[in-house]
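Reader: I have a model open and would like to learn how to read it. Where shall we begin?

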Amino acid sequence: MEILNQTAGEIGAYAASELKKHIEAVCGAPPDITFILQTAPTMEEYAYSFNGNAKGQVLLLGRRENEVLLAVYLALDVMGIVFDTKTRYPEELDFSCVIGKMKTVRPFVRLRGIRQHINFPMDISSYHLEEAREYIRSLARMRMNAITFHSYDGMWHNRPGHFFYGRIHEIPSQDYIKAAVYNRNYYMIPECEALYGKEKVLGEYAVYWLNEVMKTAKECGLHVTMSIEPASDWQITAEMLKEYPLIDTLELISPEGGGECAQPCTDSKEIKEHA
């Protein structure tokens, strides 16, 4: 097997490594086949495809490297690998599904992904950093191309580190639960538990953790959105943008509850001024 990566960027390099990794996970000695990764500027925006000839050459195409990566996962999917929350490998790959065959995907939706309100004990904000990264990789393998992180004040911005609205979620005393989680006393990012009570250091690690997860998302070609309720002080929002430089889109939403429950927000004139 030969993999010719004719792209020039980091996402293309990652796509080539993913192709090699997953094929070799099934095939100790892959057949005589050549995969060629290429960007195709004339393709429709967000479309991706594989195009194999009878000689055993398979083109993996997308308008951008982001879509070339999706073409890799499309080909692997067609050959029998099931990408889900965990990757399920067949006993052998069916290379005949791509040799001399062609398939193009034209997504109906431009951005396809998950919206994570990262403020609950059962979501990725209680994951080890590497587990959170692998979760992001799994989304890309399922051919999603977007991730949204929603932060409430004090969790990931504006005095970050006050997870779960500042509430404490203790680990239940049952042995079978303790055996199933990494935390010893409190639900939170396991690396943070040793920092519990050290507000400044805990906040710094929270920002580091989310930046590292965003970095993995960018490596996987995902569009990264940060969603917040705009504060009454615009500088809080501006500071958050400095803390998370990998954001593609900043989403400002109205406060939850509305009416008398609503918190003071940035004036609409200020939002337009800084847009």
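Author: Begin with helix 6, residues 234-243, whose buried residues are Trp234, Thr237, Ala238 and Met240. Buried means under 20% relative accessible area, exposed over 50%, and partly exposed in between (1.4 Å probe, protein chains only). Helices (H or I, at least four residues) and strands (E, at least two) are DSSP runs, numbered from the N terminus.

Reader: Why do the buried residues of helix 6 line one face of the helix?

Author: An α-helix has 3.6 residues a turn, so residues three or four places apart point the same way. Seen down the axis of helix 6, the buried residues fall within an arc of 155 degrees, so they line one face. That arc is taken from the directions from the helix axis to the C-beta atoms.

Reader: Which residues are exposed on the other side of helix 6?

Author: Gln235 and Lys242. A caution on sources: this is a predicted model, where local features need pLDDT of at least 70, side-chain atom pairs count only at pLDDT 80 or more, and totals for chains, interfaces and linings use all residues. Residues are numbered from 1 along each chain as its sequence is written, and side-chain values use heavy atoms, with hydrogens and water left out.

Reader: Now the strands. What does strand 10 pair with?

Author: Two strands pair if DSSP finds at least two bridges between them. Strand 9 (residues 146-151) and strand 10 run parallel, joined by six bridges. Thr148 has Thr225 of strand 10 as its bridge partner. Strand 10 also runs parallel to strand 11 (residues 249-252), with four bridges. There, Met226 is partnered by Leu250 of strand 11.

Reader: Is strand 10, residues 223-228, mostly covered or uncovered?

Author: Mostly covered: five of its six residues are buried.

Reader: In what order do the strands of the five-stranded open sheet come?

Author: The order is 1-2-4-3-7, with mixed pairing. Strand 1 (2-5) and strand 7 (102-105) are the edges, each pairing on one side only. Strand 3 (residues 48-52) meets strand 7 in the antiparallel sense, over four bridges. Asn51 stands opposite Met102 in strand 7.

Reader: How is empty space found?

Author: Rolling a probe the size of a water molecule over the atoms shows where empty space is left. On a 1 Å grid over the protein atoms alone, a cavity is a set of points where a 1.4 Å probe fits but cannot get out. This structure holds one cavity of 30 Å³ or more. The largest cavity has about 40 Å³ of space; a volume is the space filled by probe spheres set on the points.

Reader: Which residues line the largest cavity?

Author: Among them are Arg64, Glu67, Met144 and Cys220. Lining residues have an atom within 4 Å of a point.

How values were computed:
On a 1 Å grid over the protein atoms alone, a cavity is a set of points where a 1.4 Å probe fits but cannot get out, and a pocket is an open set with protein on both sides within 12 Å along at least five of seven lines; lining residues have an atom within 4 Å of a point.
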